[in-house]
Amino acid sequence: MLLYGIAALSLLTAILLTVFQVIGSVPLFLGVFALSYLVYALLSVLICSCFTVGVNLDTPCEKHSPIYRFFSNRVIESSAQLLRIRLHVTGKEQLPEEKFLLVSNHRGAMDPLLEMGVLRKYRTGFVSKKELFRIPIIGKLMHKSFCLSLNRGNLKDEAKTILRAIDLVKEQKATIGIYPEGTRNPTDHLLPFKNGAFKIAQRANCPIVVAVIRNTELATKNIPFHHTDVYLDFIGVLDKDFVAAHNTVEVGNRVREMMEAALASGPSAQAA
């Protein structure tokens, strides 16, 4: 019923906007638009609050939840629209059917959201710093979307997170994304990798999909006057045999070579 309520409000808003656009009252048109958007936003927050109130962050997410993933996707779409992001994606045709380990550079805060949105059919979650899960509503939506909390500096908790990621991929419950640099880096010069994360692919016996993303760090600087073209290129897949035959340092070196070559050549979508 709540979803029907959102749909009805959206339809009513569209009708009102059409009417006021026809009669040509620009101030009234803008006022109704702003009011409708505010009501829609407040209603969305209320609904998300109701659905997440019983979520326990200490209880592992064991199965896919369409309703929580639905709300996560709405947050992703709304955030991209608000920041006026135009996303250009290449290389999706080479992605495997099975779940995998996604490895990418990390330019800005929108990276995991955009990549989760593009890879929604893979039920993608990210290994994310623990502080993000403290954000009201958002943290619980992340938890129910297979994102995993990483308590940096606590070796026991880090190992627990890695083991959990291995189980999710191995059991084909989710694709897990990592940023081997370990932090945001808004440049084309990659930081040293934390190669231990590649154990996820080795232990889960899964392929590694390598991607590069550009320009997300510009989004907050460009609004409200300019849009931001963000380029997400899936540049290659390391199959299970390669991952199993090499140690984590060797895997990290290969991933790094692929990323550096792609970053040096420029966005594939832009070149096309």
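Cys 61 is buried, with a relative accessible area of 6%, where buried means under 20% relative accessible area, exposed over 50% and partly exposed in between (1.4 Å probe, protein chains only). The model is a predicted one, in which local features need pLDDT of at least 70, side-chain atom pairs count only at pLDDT 80 or more, and totals for chains, interfaces and linings use all residues. Residues are numbered from 1 along each chain as its sequence is written, and side-chain values use heavy atoms, with hydrogens and water left out.

Cys 206 also counts as buried, at 2% relative accessibility. A search of the whole structure finds 0 disulfides, a disulfide being a pair of cysteine sulfur atoms within 2.5 Å. For Cys 61, the nearest cysteine sulfur belongs to Cys 147 and is 9.7 Å away.

Turning to the rings, the structure holds 3 aromatic pairs. Rings of Phe, Tyr and Trp (its six-membered ring) pair if their centres lie within 6.5 Å; planes under 30 degrees apart count as stacked, over 60 as edge-to-face and the rest as tilted. Phe 100 and Tyr 122 form an edge-to-face pair, because their ring centres are 4.9 Å apart and their planes stand at 65°. This pair links distant parts of the chain, 22 residues apart: Phe 100 is in the loop between strands S1 (85–90) and S2 (101–104), and Tyr 122 in the loop between helix H4 (111–118) and strand S3 (125–129). Helices (H or I, at least four residues) and strands (E, at least two) are DSSP runs, numbered from the N terminus. Phe 100 is buried at 0% relative accessible area, and Tyr 122 is buried at 4%.

A stacked pair is formed by Phe 126 and Tyr 179, with 5.2 Å centre to centre and 20° between the planes. Phe 126 lies in S3 and Tyr 179 in the loop between strand S5 (176–178) and helix H7 (199–204), so the pair ties together parts 53 residues apart in sequence. Both Phe 126 and Tyr 179 are buried.
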